[in-house]
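Please open the model in your viewer and keep the selection panel at hand.

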Amino acid sequence: MKKLKITVNGKEYEVDVEILEDTDHGTMPMQAQPFPYQGYQPAVAPPIAPSTLSAPPPKPKPAVASSGNANELTSPMNGVVLEIPVQSGQKVKEGDVVVVLEAMKMKTNISSSQDGVIGDIKIKINDSVEAGQVLLTYA
């Protein structure tokens, strides 16, 4: 077992990792490895040219789900309702966060699938919802 410290979104976590197969045959750091003769220098990879570096991946978009009915917004996943930052009668634009779900200890923003006015909100905070369940309707 190895104990590692991992930082995700600025929050540090300590994790234990079990190594099932070790494909790294060298166990000592490069500087500490004995070399067969004086003057031997290990090969060094050339620096990567900036033009070959790729751009960072785009941030994931909030989840959007809708049923076949254009006036309904359904849940894309199972979860528990944490927040409902909209009210009936409120105007929303496509992409606005209308519900926040928690699934597996992670918050997921559910966005409006269209521009419109919120009609009936079919859920309340702390409700458990299933994938495909209607969360709200548009007026």
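Two strands count as paired if DSSP finds at least two bridges between them, and this is the sense in which pairing is used for the strands of this predicted model.

Begin by selecting β7, β6, β4 and β9, which in that order make up an open sheet of 4 strands with antiparallel pairing. At the edges lie β7, residues 106-111, and β9, residues 128-129, each of which pairs on one side only. Strands of a sheet pair through backbone hydrogen bonds, in either a parallel or an antiparallel arrangement.

Now show the charged side chains, among which the structure holds 5 salt bridges. Select Glu12 and Lys5, whose side chains meet in a salt bridge at 3.7 Å, N to O; both Glu12 and Lys5 are exposed.

Move on to Asp120 and Lys122, a salt bridge in which the closest N and O atoms are 3.2 Å apart. Asp120 counts as partly exposed because its relative accessibility is 39%, and Lys122, with a relative accessible area of 46%, is also partly exposed.

Then select Asp127 and Lys124, where the closest N and O atoms of the salt bridge are 3.4 Å apart; Lys124 has a relative accessible area of 55% and is therefore exposed.

Terms used: Residues are numbered from 1 along each chain as its sequence is written. This is a predicted model: local features need pLDDT of at least 70, side-chain atom pairs count only at pLDDT 80 or more; totals for chains, interfaces and linings use all residues. Side-chain values use heavy atoms; hydrogens and water are left out. Helices (H or I, at least four residues) and strands (E, at least two) are DSSP runs, numbered from the N terminus. A salt bridge is a side-chain nitrogen of Lys or Arg within 4 Å of a carboxyl oxygen of Asp or Glu. Buried means under 20% relative accessible area, exposed over 50%, partly exposed in between (1.4 Å probe, protein chains only).
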